[in-house]
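Please read the following points with the structure open beside you. They are set out by topic and are intended for a reader new to protein architecture.

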Amino acid sequence: IIRFDWKFNKVKYIGKEIFEANYDENYLRQQYEIVNGKLYMPFTDRNNILVFDLEKEAIDILMLEKGEGWSTIDYIDNVMWMAAWKSNEIYKWDLRTHEVIKYDFPYEMNTGKYKFAFSYVAGKKIFYFPVTGDKIISFDYISGRIDCAIESGIITDEPLSTYSLLKSKK
């Protein structure tokens with residue numbers, strides 16, 4: 001983790017030895033959430049979540065009971081919603097109980113190896129944007145209903161650079 005101090009114009013590297021020793025083939029994507037002073041980032045190729053305490057500058061690597069890696073993460077009411085990186089699944093991780101629930105898609109969404117590039121919360125839905133597929137998925141996190149929100153008709157094994165989202169923090 002690289003932390004930049006704007007006030008003193010200094011760069012600090014935190015936890016480099018942890019990653020070099022244990023996570024040489026796994027990586028984190030740009031999606032994250034900050035909750036109660038902690039940054040949460042999912043690993044893409046294992047069921048771990050990096051938790052970085054922003055004040056203490058301490059790193060913890062959590063292992064969840066289900067999942068094989070995620071590319072997205074969204075925080076809503078003490079729950080992290082995460083889309084799988086290599087399968088058509090959405091996971092609900094309750095931060096209070098630590099229970100993990102998996103939601104399978106009723107159809108094959110992507111033809112490529114990697115499934116989701118980004119996610120975006122709007123109202124009671126989370127929209128999941130594909131890496132190589134042609135369908136934007138709409139997930140109602142209240143009912144658990146999964147629908148195809150938009151189908152572009154473009155099917156390719158090559159990553160599409162059609163979607164680009166940035167989360168804004170309040």
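1. In this predicted model, strands β9 and β10 form a hairpin with 5 residues between them. Within the turn, H98 has a positive phi of about 65°. Strand β9 covers residues 89-94 and runs antiparallel to β10, to which 5 bridges join it. One of the residue pairs is E89 with its bridge partner D104 in β10. Strands here are DSSP runs of E with at least two residues, numbered from the N terminus, and two strands pair if DSSP finds at least two bridges between them.

2. Residues are numbered from 1 along each chain as its sequence is written, and side-chain values use heavy atoms, with hydrogens and water left out. Because the model is predicted, local features need pLDDT of at least 70 and side-chain atom pairs count only at pLDDT 80 or more, while totals for chains, interfaces and linings use all residues.

3. A second hairpin is made by β1 and β2, with 4 residues between the strands. Here N9 takes a positive phi near 55°. Strand β1 (residues 2-5) and strand β2 (residues 10-13) pair in the antiparallel sense over 4 bridges; D5 stands opposite K10 in β2.

4. Strands of a sheet pair through backbone hydrogen bonds, either parallel or antiparallel.

5. Within this sheet, strand β4 (residues 38-42) is joined by 5 bridges to strand β5 (residues 48-53). P42 has I49 in β5 as its bridge partner. The loop between β4 and β5 contains F43. Is F43 buried or exposed? F43 counts as buried because its relative accessibility is 1%; buried means under 20% relative accessible area, exposed over 50%, and partly exposed in between, with a 1.4 Å probe and protein chains only.

6. F43 and W85 are 42 residues apart in sequence and 9.1 Å apart in space, C-alpha to C-alpha. K113, in the loop between β10 (100-104) and β11 (116-122), is 28 residues from W85 in sequence and 8.5 Å from it in space, C-alpha to C-alpha. Not counting residues up to four places away in sequence, K113 touches W85 and K86, contact meaning heavy atoms within 4.5 Å. K113 counts as exposed because its relative accessibility is 52%.
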